[in-house]
Structure formats: structure tokens, C-alpha cells
Amino acid sequence: MPTTDTHAETANQAFWDEIAPVHLKSYGIEGLLKRISRIDPIQKRELYPVAGKDLIHLQCHIGTDTLSLALDGANVTGVDFSPKSIRIARELAARLGLEAKFYQANVLELKGLITEKYDIVYTSQGVLCWIRDIRLWADTIAHLLKPGGVFYLMEKHPLLNMYDETPNELRVGYSYFHQPEPACFDDDEPDYSDFSYIPQNRTYEWTWSLSDIVNALIGAGLTIRFLNEHDRLFYKAHPDMEQDGEGWWFFKERAGMIPLTFSLLAAKA
Ligand SMILES: C[S@@+](CC[C@H](N)C(=O)[O-])C[C@H]1O[C@@H](n2cnc3c(N)ncnc32)[C@H](O)[C@@H]1O
């Protein structure tokens, strides 16, 4: 029987509620609590300055990046559909004494919920596979932007979604192209941040090709200012990956050969 979108999103929400307290321990928030921004140098180079800008962070999880953007001067709002993530984000904001708004909501429902407009719509690192409708996602981003505002995305390169978890080889186990049915992951793979933790809840994930993503944003009326591809990744997506001195993951045997992350900036006229 096909999975309904509601069933898939409800399962994913339960997964993220399970993982939120795990990540509070594994995300290394000590630095954040010392007021050190966790935004990486690539994003800073591509997006900053953010100081004084009204910024909404979609799929903000436990708020560590949202609050980093606040430390760097942005007026921040974070949105996530996991109540436990939002509760932790609010607690971290209080501990840091930072002004930040956090809303619990499905990002695909924001058109009916948020009337404020933002200079920057931001989302990054592990977000698109949870989105069931890429056109609605792009329309929502356009809805949230002020005229002249920009959307910034940094995400795992969709090419990587093709490879399964077989060690010592890059084996194509999944289609590069979008499938109407989400893929269900119900295995004993450890969490991407706490390798000692095996999540109990299953996930349902969608894949979107680079053209799906770019064309959805163009279709929503945005102008792509740049699209960059990088040979480093922000988490260990395959058993063969190793970490470099700056914390990025890559395939040592194929360093510089495969795109692992992409980033883009799109503007609203
Ligand atoms: C990998 S995390 C966010 C990435 C962020 N860079 C981080 O690591 O803190 C993905 C987040 O997306 C949220 N999420 C997934 N689908 C969502 C949806 N439809 N609406 C709102 N939040 C969603 C999850 O609850 C989770 O907190």
C-alpha cells in the first residue's frame, strides 16, 4: 500500500522528536554557549553579512544554527515541526540571553501562518529529503521574502543520494531522480551526529534532483544568483568517508572528484 504524505511526515516528526535530545548532547553546544557561532566558513563567505537582517531559518532543528546567526547579528526566527526540537531551541536561546522567535510548524504550511516578510530565508544541511513537495516549498520561500530579499540554501549534493551504505565501494542503490513514493529507512544505521545511538523510529525520505530544486525556485519567481558545488560534506553520509582537519567529510580515495555539497543564493525582485 502506498505511504500517504501525512503518514510519512508524522513518522518523520516522531523521529526528530526522538533525536532532538540526543543532538543536544552530541552537537557540541559548549562552543555555542561560549557565544561562538557554528556557521561554517563557506556559508559565511557566501551569505554574510547577516547583521541587522530579518532572517527566518526553515527546519531549524534545535536552533544551534539559528542562534549562531543571531550571535552574528541577525534578527532570527526559527521554524521546525518537531516540538522537542523547538523546546530545546527556546531553552538554548534563554541560556544565551538571545532574542529569537521559534515556531513549531510544518514549513510547507507557513503560507497560511506567517505574514511577516524577511530579508533572508535560510535553510541548510539535511533539509530537502524531508520535503514532500518541492514546488510548495519554493512557493513558501518566495512568500516569506521581502522584495529584494534572498534565499540561501546549503545542502548535501543530490548525486550522493544515489549511493547506498555498502562499504569499500560507491554502489548505486537508489535513483538520482525524484520518485513519488518516499524511501523508507528502518535499519540499524547509527545517528549522523552520535555514532553510538541507533534511532528507533523509521524515516521516510524524498529525493530531489538539482534541476528539481533550481526549477522550483525559478518557478516561484526567484532569480538564481549563484549555484556552487563543493567537494566536502557536513556529515558522514557513507562508511568510506573520512574527516579533514576542519571537520568536513570526504572520500579520501576520490578527493576532489565528486560533488558532495551544493549551495545557492536566489533573490526575489
Ligand atoms: C537535519 S535537521 C536540520 C538541519 C540543521 N542544519 C541542524 O542540523 O540543526 C532536519 C530538521 O528538519 C525538520 N523537519 C523535517 N521536515 C520538516 C517539515 N516538513 N517542516 C518543518 N520541519 C521539518 C526536522 O524536525 C529536523 O529538525
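Select Arg171 and Asp164: they form a salt bridge, with the closest N and O atoms 3.0 Å apart. A salt bridge here is a side-chain nitrogen of Lys or Arg within 4 Å of a carboxyl oxygen of Asp or Glu. Arg171 is partly exposed at 41% relative accessibility. Asp164 is buried at 10%. Buried means under 20% relative accessible area, exposed over 50%, and partly exposed in between (1.4 Å probe, protein chains only).

This is a predicted model: local features need pLDDT of at least 70, side-chain atom pairs count only at pLDDT 80 or more, and totals for chains, interfaces and linings use all residues. Residues are numbered from 1 along each chain as its sequence is written, and side-chain values use heavy atoms, leaving out hydrogens and water.

The structure holds eight salt bridges. Next, select Arg132 and Glu9, a pair with its closest N and O atoms 3.1 Å apart. Arg132 sits in the loop between β4 (118–124) and α6 (134–144) and Glu9 in helix α1 (residues 5–26), so the pair ties together parts 123 residues apart in sequence. Helices (H or I, at least four residues) and strands (E, at least two) are DSSP runs, numbered from the N terminus.

Move to Lys146 and Asp119, which meet in a salt bridge at 3.1 Å, N to O. Lys146 lies in strand β5 (residues 145–156) and Asp119 in strand β4, so this pair ties together parts 27 residues apart in sequence.

Finish at Asp80, in strand β2 (residues 75–80). Asp80 is buried yet has no salt bridge; Arg90, the nearest side chain of opposite charge, is 11 Å away. Lys and Arg count as positive, Asp and Glu as negative; His and the chain ends are not counted. The Asp80 side chain reaches the backbone nitrogen of Cys60 at 3.4 Å.

Conventions: Polar contact = N/O pair within 3.5 Å; in protein donor to acceptor, adjacent residues only side chain to side chain.
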